[in-house]
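Have a look at the model first, then read on.

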Amino acid sequence: MKEILKKIRKLSDQTLHNLKFISKEGCSKDLAEEDLRQLMKLTNLDEKEILSKYKLFVKDHPSGEISRETFNKILKKSLCKNSRNLLKDHIFRMYDSNLDGVIDFEEFLSTTHIMCSGTPEENLRCIFRFFDVNGDGYLERDELLTVVRDLLREDYEERPNIVDEVFNEINVN
């Protein structure tokens with residue numbers, strides 16, 4: 001299990017590095033006051049920092065959202081083709097917390113903050129979304145098998161029982 005979590009953390013760090021905001025001026029939309037306050041509470045950033053990040057986000061994503069297509073283009077900068085093809089949906093799911101098929105600013109900043117500076121519990125919630133392929137809030141053996149195969153690729157053949165080992169470890173604890 002530690003091996004799998006280590007790979008997820010490495011992938012997350014690579015993705016976050018390439019999702020950094022590109023500094024540009026201007027913003028065509030306003031961030032709702034309620035969303036701003038919620039992000040301030042979650043991230044411990046002040047209003048000015050969040051609004052600055054929001055302006056950059058909207059400049060790079062004028063619709064206020066990152067589509068799957070755009071997200072995949074961003075992943076091209078940090079993952080090789082084989083890894084990207086296998087992992088793009090799992091990584092996208094971590095950011096798209098409301099499962100509406102796009103990543104808005106609140107989801108982006110929240111997930112980025114949690115993966116960089118969140119509590120262990122917050123990190124586990126994000127990582128859980130990585131594994132919860134069908135989004136039903138439960139981790140089933142087939143979902144874990146899919147993700148582990150995608151994560152480990154050729155290494156999976158060396159440890160075909162890893163999913164059973166993880167489920168046994170979870171059931172013991």
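Salt bridge here means a side-chain nitrogen of Lys or Arg within 4 Å of a carboxyl oxygen of Asp or Glu. Arg-141 sits in helix H8 (residues 141-152) and Asp-164 in helix H9 (residues 162-172), so this pair ties together parts that are 23 residues apart in sequence. Arg-141 is partly exposed as well, at 36%.

A word on the ground rules: this is a predicted model, where local features need pLDDT of at least 70 and side-chain atom pairs count only at pLDDT 80 or more, while totals for chains, interfaces and linings use all residues. Residues are numbered from 1 along each chain as its sequence is written, and side-chain values use heavy atoms, with hydrogens and water left out.

## The chain at a glance

The chain has 9 helices and 2 strands. Both kinds of element are DSSP runs numbered from the N terminus, with helices (H or I) needing at least four residues and strands (E) at least two. Starting from the N terminus, the order reads α-α-α-β-α-α-β-α-α-α-α.

Of the 173 residues, 39% count as buried. As for contacts (heavy atoms within 4.5 Å), take those between residues at least 6 apart in sequence: 60% of them join residues at least 24 apart.

## Salt bridges inside helices

How many salt bridges does a search of the whole structure find? The count is 6. One of them pairs Arg-37 with Glu-33, with the closest N and O atoms 2.5 Å apart. These two are 4 residues apart in helix H2 (residues 33-43), which means about one helical turn separates them. Both are partly exposed: Arg-37 at 39% and Glu-33 at 46%.

Another bridge links Lys-73 to Glu-69, and here the closest N and O atoms are 3.6 Å apart. Both residues belong to helix H4 (residues 68-75), 4 residues apart, or about one turn of the helix. Lys-73 is partly exposed at 48%, whereas Glu-69 is exposed at 55%.

## H2 against H6

H2 also packs with helix H6 (residues 105-117), at an angle of about 5° and with the axes 10 Å apart. The axes are lines fitted to C-alpha atoms over the stretch in contact, and angles run from 0 to 180 degrees between N-to-C directions. The two helices are therefore roughly parallel, a label for angles under 35 degrees.

Which residues meet in this contact? On the H2 side they are Asp-35, Leu-39, Leu-42 and Thr-43, and on the H6 side Phe-105, Glu-106, Leu-109, Ser-110 and His-113. The residues of this contact divide into 4 nonpolar, 3 polar and 2 charged.

## H3 and its cover

Ile-50, Tyr-54, Leu-56, Phe-57 and Val-58 are buried in H3. What covers the buried residues of H3 includes H2, strand E1 (65-66), strand E2 (103-104) and H6.

## Two loop residues with positive phi

Most residues other than glycine have a negative phi. Asn-44, though not a glycine, has a positive phi of about 60°. Asn-44 lies in the loop between H2 and H3 and is exposed, at 67%.

Leu-99 also has a positive phi, near 55°. Its place is the loop between helix H5 (81-95) and E2, and Leu-99 is partly exposed at 49%.

Terms used. Buried < 20%, exposed > 50% of the residue type's maximum accessible area, 1.4 Å probe, protein only. Parallel < 35°, antiparallel > 145°, perpendicular 65-115°, else oblique. Nonpolar A, V, L, I, M, F, W, Y, C, P; charged D, E, K, R; others polar.
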